[in-house]
Each structure stands twice: as C-alpha cells, then as structure tokens.
Amino acid sequence: MSLTAQSHRNDLVATIAEKALWIRRRSFQMVYEAQQGHPGGDFSATDVLAALYFGVMRYDPKRPNDPARDRFVMSKGHCTGAFYSVLAAAGYFPEAELSDYMKPLSKLNGHPNRNYLPGVETNTGPLGHGLPVALGIAIAGQIDNSDFRTFVLTGDGELQEGSNWEAALTAGHRKLENLTLIIDRNRLQQGARTEETASLDPLDDKWRAFGWHVEMIDGHDHQQLLDVLSASPKGRGKPLCVIANTFKGKGVSFMHDNVAWHHGVPTKEQYEQAMAELV
Amino acid sequence: MSAAAPNKAGMFDCRDSFAATIEDLAANDPRIVTVVSDSVGSSKLGGFKKKWPERMVNVGIAEQTVVAVGAGLANGGKIPFVSAASCFLTARSLEQIKADIAYSNVNVKLIGQSSGVAYGELGPTHHSIEDMAWLRLLTNLTIIVPADPWQTEQAIRAAAAMTGPVYVRVSRMPVPALERGNGTFEIGKAETLVEGDQATIIANGTMVHRAVAAAKTLAVEGIAVRVVNMATISPFDEAAILAASETGAIVTVEEGNIRGGLGGAVAEVVTANIPVPMRIMGFPGFVPTGSADFLMEHFGLTEAGIADAVRQTIARKK
C-alpha cells in the first residue's frame, strides 16, 4: 500500500471511530428520551454501520433512489436507534428529526419504513426478511451486470428464521459476488444466549456449505471492518458472509454482553453514567 | 385479443392468457422479469423461459423467498411478476406479502395461479379459497380476479402499467369468453354484464359466467336480475354496490370462502349504507374430497344453485 493510500485509510478509520462514538451517544439519547428501543443491539451493530456508511458504501443522500447506489438493508429492523442515527449522520435527513423517535405520528417508527424516510430500502421488523429482499436486489444487479453492491445486516438470533436459509441457498447457487451479508454475532437474542436457545455454531461452516465465502472478524474493530467490507468482490465468485463477532451493549460497562439491555431503557442515572463512558 | 386458444368445448384456461400477455409485454419492456418457485410449468411460463432465460428468476421451492426476491428486484428497477400456485404464494409467504410488498408499497405483481378449488381432489392444502380474505386486508395491494381470457389479459396489462403492488388471481378452471359489447377494463370499476332491477348478482372470476347463465334462466321467468362482474376487490367499487342495494336483493358468488372475501366486502358496504337481504355463496370452509366440478355442484355454485339463491333472496324483500 502506498503512503498516500495508507494515509487515506487511516483517515477513514479515524472517521469511522468518530462517527461510531457519535451514533452510540445519539442513539442512546433517543432511547432515553423515548423510554423505548433496543439499545443493546444498537451498540453491537454501531461499528458495522459506521464502517459501511463512512468507509465502504457509495451513495448520495440527495439522490436516495439513484439506480447506481450501493444498497444497505437493515434486517435487524428493531435497532432503529443506531440505524436512524447513521442515516442522519450520512445526511439523509436532518439530525434534529432524531428527536421525534417513536413520538406519535413520527416518521421515526420503532421499525423503519421506506415510505417515511429516505435511505430505507425495505420495511423490516419481522425477522428473516432482509436477506431475501437483499438477494432480489443483488439479482437485479446481476441481470443488468451493474456494479452496485448490496449489503444486509442481520442479527444472529434472527438466523433461526428459515427464510434466511432459503435465500442463502439461492445466493450461493447464483454465485452472487455483489451480495454481502454481515451477521451481528453478539450471541444474545431477546431473552437468552443463541447457543442455549437454538444453537448456530459452527456458523461459518453453515455458510460455507451454502456456497458462501466467509470472513470472521472482530465486529468492533474498524480496521478489520474496513478491510473486509471494502475489498472488491470482483472475481470472488461467491456471496460474502462476514461474521462480525460483537457484544450486545458494547461501549457501556453495565450493558456489555448483558441480555437485559436487549430492549432495556435507562434511568436518568444510567443514562448519565453511559454518557460519561461514551467519550 | 389474447393469443390463448379455447379447448374443444370452446372454453379457455386463463393461464394461457396470462402467459401470452406477459410474453407480449416482456418483448416491449426489458424491465419485466418473472420470478418463480419451481412453478414454471404450472404458471405456463415455459415460453417465457425459452425466450428470456436470464429474465426468469427461479428460487426453487421457497415461497417466502420468491415474494421477497420480487421486492428486491423492484428495488433494482425491475417490474417483477411473481408467479406461483395461489395456495402457496399467499399462505406460505403472507408475512412477506404484508411487510415486503404491501407495507413497503413496492412495484411487484403477484400472480396467484390455479386459485380456488381448481386442484380438486388434491384437497384443501392445495385449494386457495382464503386468499381474498387475507389479502384484501393489506393496505396498498390492488387485487384483481379476472373472469375470462379477455379480462385476464386486461388485468395483466393494467398491473404492468400501474406503479404499485398488485395481486392477480388466475384460474385454471375452464371458462367461456364472456359476451360483451366494447368492453373496457379499469382497475376499481365493476362491469355490468346483464341489466336488471329486481335483484343483483355480484360475482367474480370463474363464477361470473355461471351468474350470467342464472340471470338468463330467471329472465325467462320474468325476473330481471342485474349481473355485476366485480373483478377488482381492492380498490372496491362502492358505487356499484350502492346501486345494487337499490335493486333490493343481492347475491354474491365467488370461488372462495364465504367469510371475508367478495361477499364479506360487499356486506361491509351494504350494511353501512342501504341494508337489503343478501346471500353469500361460496365454500363454507375446508371442502371434502372431490373434483373441482363436483365441489361446485356440491355447494350449489351452478346456474341452478345461483338462480335458486336469487329467488330466495328476492322472497326476503320487505
């Protein structure tokens, strides 16, 4: 890598880190003010979202329907704290609108609606919907020989939905190298650990068996995220599955890897402590 | 006119009209693609596949994915026609139709093939008599139940021409080409096939020609019965229902469950406006074993059965 390229990469990593911190603080403020939300999953997904929007994807928030845009599908649609924050940070709508989170008649519904907000590709909420829709987007690109990429972020518990495996089969069959799945592998679902509920491991072997290329990374490491997600898919000949090992509640000590924060909401004291830690 | 040809009895399989129309549209619009779940033959899409193999997406036996992929293809600028047996397309993937298609409000056309009890002896797992009830609850989704080959072609053309989600119910039951003057098809507009002012039969799909035959029988008896072909279920032609109420008696006939479908939709309008005696004809629930023709006879969905229902409903007029 040339010195200039190295310097550019360092700048990107610094930007991703700065945006990730901002997303954590802003999304937690949203959850605190609404007294609703899914902050644990917001925090496990934050670094992935920051890397995608500030280091990887090509998009213009002023042209949200540009046919050539890279697509991002938020399959874990309950984590709107982080998703809305990253869309605002990316310029899709003013940051001030984040204060409307879940208020009556707000565009910022608890789960995202593409008819309310630019930058939302498909309405999610029920689990297991994002990957099959992203598959269709990627097939459209394949038919047209377009070079846009399609990214989809799922939870890990969400992979218990069978619809994902239907889509996995066809993506592997069609060798869709323009499709990237990122699994937010925080190992916790709503009420328990995934491995105690309906175990997923060995998760990497499952995706390989379906014809995918698999990368396992630290989902909070901005350099790893940038390297794996921004690598050109050309010639890979397979869809890419990135297993991002994460922690629910990452960034705040009392929330870290704590299932109670799946949809827990903070008291005033907890909010202030979290904000003191998120610096 | 559709290229579809009748059988020896002069009856048509509306799937032929669908297939001929989609090929005609696809030849002129590269955005049109078909999406199937191993349902190429049952959708009569073999010709399409031969002409444009790269524009047919077959996801295998995976109905949730066939619908979701339709939503994704629309996002990528395509006009996808997702075609599969209506029993599986609407039941197995109802949540995808709700969230990915209707609530997301995307430009996907769902084609429910071989609807109603067309699969006869294969039984209720393969019948689609519930689809009207559960689909008409979904906001944004246009629903069309064409009655004959001409109207099937019109419905497919209208679906392709509009932006937004559409469900078209296509039958494999043989139907005649209905007699019309210069017919026009408009989504949301009912078609009056027989004029009359003593009662109204509101029917759609495969039941329309039977309703017309019943009206002709009754005309011989001096009973003037209107026949309305209510091909569009959503949006619903409420004006046609209000006009039907003014004839004082209404009989609805559908190849579907008597709860929640066409009859239910008519009743909602009738009871809220000008209540009149009504009879809802269809199937009462899961049906016993039998061919489609047997089941129609068994549940009175015949010229004679419909005529009887009209006489009885007129007798209830105050």
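User: In this predicted model, what is the strand order of the open sheet of five strands in chain B, with mixed pairing?

Analyst: The model is predicted, and the edges of this sheet in chain B are strand 7 (191–194) and strand 12 (278–283), each of which pairs on one side only. From one strand to the next, the twist averages 25°. Read across the open sheet of five strands, with its mixed pairing, the order is 7-9-8-11-12.

User: Which residue in strand 9 of chain B stands opposite T200(B)?

Analyst: Strand 8 (residues 199–203) and strand 9 (residues 225–229) of chain B run parallel and are joined by five bridges. Within this pair, the residue of strand 9 that stands opposite T200(B) is R226(B).

User: How far apart are the axes of helix 1 and helix 7 of chain B where they pack?

Analyst: On the side of helix 1 of chain B, the residues C14(B), S17(B), F18(B), T21(B), I22(B) and L25(B) meet P149(B), T152(B), E153(B), I156(B), R157(B) and A160(B) in helix 7 of chain B. By class, this contact has seven nonpolar, three polar and two charged residues. The crossing of the two helices is right-handed, and helix 1 (residues 14–28) packs on helix 7 (residues 149–161) at an angle of about 35°, with the axes apart by 8 Å.

User: Which element of chain B gives the largest share of the side of domain 1 that touches domain 2?

Analyst: Chain B is divided into domain 1 (14–170) and domain 2 (191–315), with C-alpha centres that lie 26 Å apart. The contact between them takes 24 residues from domain 1 and 27 residues from domain 2, and on the side of domain 1 helix 6 (131–135), strand 5 (142–144) and helix 7 of chain B each supply at least two residues. That side divides into 13 nonpolar, seven polar and four charged residues. The largest share, three residues, comes from strand 5 of chain B.

User: Which residue in strand 5 of chain A stands opposite I182(A)?

Analyst: Chain A has an open sheet of five strands with parallel pairing, in the order 1-2-3-5-4, and its edge strands are strand 1 (71–74) and strand 4 (213–218). The twist of this sheet averages 20° from one strand to the next. Strand 3 (residues 179–185) and strand 5 (residues 240–245) of chain A pair in the parallel sense over six bridges, and the residue of strand 5 opposite I182(A) is V242(A).

User: Which helix gives the largest share of the side of chain A that touches chain B?

Analyst: The contact of the chains takes 25 residues from chain A and 26 residues from chain B. On the side of chain A, helix 4 (130–144) and helix 5 (163–173) each supply at least two residues, and the residues of that side divide into 12 nonpolar, nine polar and four charged. The largest share, 10 residues, comes from helix 4 of chain A.

Conventions: Residues numbered from 1 in each chain as written. Chains lettered and ligands numbered in written order. Predicted model: local features only at pLDDT ≥ 70, side-chain atom pairs only at ≥ 80, totals over all residues. Contact = placed C-beta atoms within 7 Å. Helix = DSSP H or I, 4+ residues; strand = E, 2+ residues; numbered from the N terminus. Nonpolar A, V, L, I, M, F, W, Y, C, P; charged D, E, K, R; others polar. Pairing = 2+ DSSP bridges. Axes fitted to C-alpha atoms, helices over the stretch in contact; angles between N-to-C directions. Left-handed = near helix turned anticlockwise from the far one by under 90°. Domains from an automatic or database assignment.
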